[in-house]
Amino acid sequence: MSRVLCVVVAALIVCGLVRLEAQRGNPQPPRAPRAAAPIDLTGYWVSIVTQDWRWRMVTPAKGDYQGIQITPEARKVADAWDPAKDEAAGEQCKSYGAPALMSVPGRLHITWQDDTTIKVDTDAGMQTRFLRFGSVQTPIDSARDKPADAPRTWQGVSQAQWLTPRPNVPLQLRPADRTADAPPLRPTGGSLRVVTRNLRAGYLRKNGVPYSENTVLTEHWDLYKRPNGEEWLTITTQVEDPQYLPNARLVAPVFKKEPNGSKWDPTPCSARW
Amino acid sequence: MKYEKPGIAALTMVVMLSAVPVVAQVDLTGTWQRVAQNDNGASREPVDLLGMPLSADGRAKALSYDIAALSATERQCQMYPPMYAIVGPFPLQISMVPDPITQKLLAWKIAGWGDRDETVMWMDGRPHPSKFAPHSHGGFTTGEWEGDTLTAVTTHFKLGDIKRHRGFSSDRATITYRFNRHGDLLTVTGLLEDPVYLAEPFALTEVFRLTTNPNSFPLTACEPIEELPTLHENPALVPHYLPGKHPAMNEMTERYNIPLEAVLGGPETMYPEYRKRLKDKYVPPPPVAPAGGRGGRGGAQ
């Protein structure tokens, strides 16, 4: 038995050395975010409006805040909503800011601006978001107050980070033996995390439900490829606003990939429709 | 290197392989409180099919529905198909089902709650039953990891309503779920497909937050009871509306100015270009009175 034990221990040591060497020797330069992308988000995507239709597809009545939690202060602001005033001030895009934009019915065109920046164009409101990847080693939360000097915009400053599957699995989570004809497990995929700050104050809904410039938007972009070839995208959206929202607002709009941009329909911002 | 026993070589291989990353997974165990702000569970108006990709049959089925039908014993549980995990008001209580011998993960289980049957997501690669196998309210579910996403497919569930009294799925429907955990948030995306009542897949999402202080009151699976004596005195009576006779057909239009063609749903109503058809027909309703009334005030409740 001691001989068996020696063999087992030796095997463990060999495995450990191999993995240690892989970490030490020949260090590979980190790949650019574009090359390291675990999922491909590029292409044209159409929003699928099966939720909150009454507040997204048409402009709801002034004072209709059903389903959204806001503070009394926010209610006062929303009750004073005046689209004519927004138009006069040149602020027709107040409901197209990043915290609301992914819920606006429309299409996305996602491309790589460069090796470290994803560009998201929308036809609704003709907006552009830039999702910028920082240093691989720098958590995006560490730059919480960094962009304060930059001018505030509808789309703010977005920092992006790939989240890839963890390589090691706790023992109790490892799957039980699968049947012989079961398809193999696929350790693939990943998720895109985006944190956006430095926003210009805007509207969560067309009818003037406000968010402040202190809002922090956190998103997780998850892609699904179906066996029939369809690709779907869910964007888990968390809006935190200490001024107007008593709790984080969470929604998860859904998109479906389209084969091309034939239905791309650029439409300017509208304060009323 | 020579081994005296083949078993030693095998054991060595097992040890070496166990040091190699297997496949990424996350722990879903816990009670997850729903926190998304959406209209999944809202059902103020009896005829609200906005954005639902119903087929002509699906629309006819939805418009024939009288909520009193839920009091018929054989129909009381049709409100709780698997989609109820997304549209229902209750949290998800998720636990691991270990293999009794190896203690490795055999299945994930979402506990039954508020009349919804429990969902066991088998992770061992077992096949789904024959299409002739009996259907239950909970259906049969298998799952697998795709990276850190748990993908589960449910089949073999009975006819049920799919968005709180708004439309139905048939017993030929399937649901594909995606579970994505992001820290203490869990996003569930459900894709319902039905060759009978849907013209295109119906996608719904819900976001849950992990809670350490769950307000738990798990109930048993749906158990029919006698609710309306008139239905039991006359078993032949099935509450319903004849085609075109639903009394609430125009309620959404009267309340929100939304054209009836949109209220009745259909796949075209869930795409952005449908807004062009509405633009010249829709006028926003008058402002909502501060004390409530049309449209609802919402707010910090």
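The structure is a predicted model in which local features need pLDDT of at least 70 and side-chain atom pairs count only at pLDDT 80 or more, while totals for chains, interfaces and linings use all residues. Residues are numbered from 1 along each chain as its sequence is written, chains are lettered from A and ligands numbered from 1 in written order, and side-chain values use heavy atoms, without hydrogens and water.

Chain A contains six helices and twelve strands (DSSP runs numbered from the N terminus; helices H or I of at least four residues, strands E of at least two). Of its 273 residues, 52% are buried (under 20% relative accessible area with a 1.4 Å probe, protein chains only). Among contacts (heavy atoms within 4.5 Å) with a separation of 6 or more, 68% involve residues 24 or more positions apart.

In strand S1 (residues 43-48) of chain A, five of six residues are buried. S1(A) is antiparallel to strand S2 (residues 107-114), with four bridges, and antiparallel to strand S12 (residues 254-258), with five bridges; pairing requires at least two DSSP bridges. A:Val46 has A:Arg107 of S2(A) as bridge partner, and A:Tyr44 has A:Glu258 of S12(A).

One disulfide is found over all chains (cysteine sulfur atoms within 2.5 Å). This disulfide joins A:Cys93 to A:Cys269 at an S to S distance of 2.0 Å. A:Cys93 lies in the loop between helices H5 (83-88) and H6 (98-101), and A:Cys269, 176 residues away, in the segment after S12. The link is right-handed, with 100 degrees about the S-S bond, and both cysteines are buried.

Note on methods. Buried < 20%, exposed > 50% of the residue type's maximum accessible area, 1.4 Å probe, protein only.
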